[in-house]
Amino acid sequence: MKIFAPEYYNSFKCIADKCKNSCCIGWDIEIDSNMLDVYLNMKDSFGEKLKANIITNEEVSSFKLDQKKRCPFLKENGLCEIILEKGEDYLCGICSDHPRFRNFFSDREEIGLGLCCEEASRIILTSEVTSDLQMISENSEEEYELEDIEVYVLNLRNKLFGIVSDKDKDYNKCRFELSESIERGVPVFTSDDVKNTYLGLEMLDNSWESLLKGFCEYKCHMPSLCNEYSDYAKRLLSYFIFRHFADTILDGRIYERVVFSILSTEIIIGISDYLSDGKIKLETICDIARRYSSEIEYSDENIEKILDYIAKKSTE
Ligand code: SF4
């Protein structure tokens with residue numbers, strides 16, 4: 001299996017106690033069966049504490065979150081008690097893997113950093129867009145095989161990466177050339193589209209809903225804004241294409257997934273502008289990207305609803 005990742009992948013390291021939006025708060029933390037066995041067989045006092053803080057519902061085990069939805073092992077100083085007591089090898093799969101995501105092909109795996117983590121979002125928004133991923137596995141000389149449909153999708157995605165990574169093209173030029181590549185026009189989305197789609201989605205955080213409602217009343221031309229912040233917008237565009245385009249192998253929704261990448265980018269920059277007084281700061285875009293990712297990218301149902309909306313809009 002060959003493993004590929006973006007150039008910036010290896011620069012990620014969890015910033016732990018310096019993180020203002022720890023992933024150990026607000027998320028259910030499912031424990032994989034291998035680590036659950038290890039936890040259940042620990043004989044020392046920390047093992048007892050672990051066992052007392054695990055709940056199992058319908059054969060799924062997770063840590064009992066406290067009233068503020070914090071992991072019971074997240075200390076007040078922002079450090080993880082499991083790491084402090086036992087070391088990183090004792091983290092369950094989700095905790096050691098977060099914020100990574102993976103795309104699987106027949107003989108190829110891609111690993112990326114997800115925008116939902118504030119440090120990953122900072123890295124993604126400050127790293128140059130490149131025209132391809134890098135192989136990070138050993139035996140890079142060895143041949144590997146892919147199915148025809150995978151080759152087709154990867155070639156098309158490389159064409160999209162090529163457009164977005166071209167330093168001579170600003171955001172609007174990329175947007176136009178992406179639409180040419182998929183041979184269909186991309187509409188200009190407005191706050192009405194956000195109202196019609198995003199406000200009807202399942203939400204994790206009430207403050208996100210309030211923010212969206214405020215943004216729906218805000219008048220801005222999202223593509224022009226993205227053009228003003230072209231570097232950031234192109235980095236977001238490249239990230240969304242990387243993360244979501246490969247799924248066209250499963251559902252064939254090439255048009256919808258390219259437009260989803262454009263729409264996601266424009267909403268993040270649009271909301272960042274709505275929150276800014278004048279020039280948008282990098283920290284604001286990182287924060288909105290992080291929140292957007294948490295609300296949208298971890299819900300297949302939300303993504304499907306947005307893709308359906310895009311498909312419907314394209315026929316109007
Ligand atoms: S959100 Fe990212 S930086 Fe923050 S604690 Fe989680 S992995 Fe670490």
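These legends walk through several close-up views of a predicted model. Residues are counted from 1 along each chain, following the sequence as written. Because the model is predicted, local features need pLDDT of at least 70 and side-chain atom pairs count only at pLDDT 80 or more, while totals for chains, interfaces and linings use all residues.

**View 1. Around the ligand.** Here we look at the residues that surround the ligand: Cys14, Ile15, Ala16, Cys19, Asn21, Ser22, Cys23, His98, Pro99, Cys117, Glu118 and Glu119. A residue counts as near if its C-beta atom, placed from the backbone, lies within 6 Å of the molecule. Sorted by class, this shell has 7 nonpolar, 3 polar and 2 charged residues. For the classes, Ala, Val, Leu, Ile, Met, Phe, Trp, Tyr, Cys and Pro are nonpolar, Asp, Glu, Lys and Arg are charged, and the others, Gly among them, are polar.

**View 2. A cis peptide bond at Pro99.** The bond running from His98 to Pro99 is cis, and its omega is near 5°. Pro99 sits in the loop between helix H4 (93-97) and strand S4 (100-104). Helices (H or I, at least four residues) and strands (E, at least two) are DSSP runs, numbered from the N terminus.

**View 3. Helix H5 against helix H14.** H5 (residues 118-126) packs on H14 (residues 282-297) at about 125°, with the axes 9 Å apart. Axes are lines fitted to C-alpha atoms, for helices over the stretch in contact, and angles run from 0 to 180 degrees between N-to-C directions. The two helices are therefore oblique to each other; angles under 35 degrees count as roughly parallel, over 145 as roughly antiparallel, 65 to 115 as roughly perpendicular and the rest as oblique. On the H5 side, Glu118, Ser121, Arg122 and Leu125 meet Leu282, Ile285, Cys286, Ala289 and Arg290 of H14. Contact here means C-beta atoms, placed from the backbone, within 7 Å.

**View 4. Helix H6 against helix H11.** The axes of H6 (residues 148-165) and H11 (residues 230-244) come within 10 Å and cross at roughly 170°, so H6 and H11 are roughly antiparallel to each other. Arg157, Leu160, Phe161, Val164 and Ser165 from H6 meet Lys234, Leu237, Ser238 and Ile241 from H11. This contact divides into 5 nonpolar, 2 polar and 2 charged residues.

**View 5. The loop at Glu58.** Glu58 is found in the loop between strand S2 (54-57) and strand S3 (60-63). Its phi is near 45°, a positive value in a residue other than glycine.

Terms used: Two residues are in contact if their C-beta atoms, placed from the backbone, lie within 7 Å.
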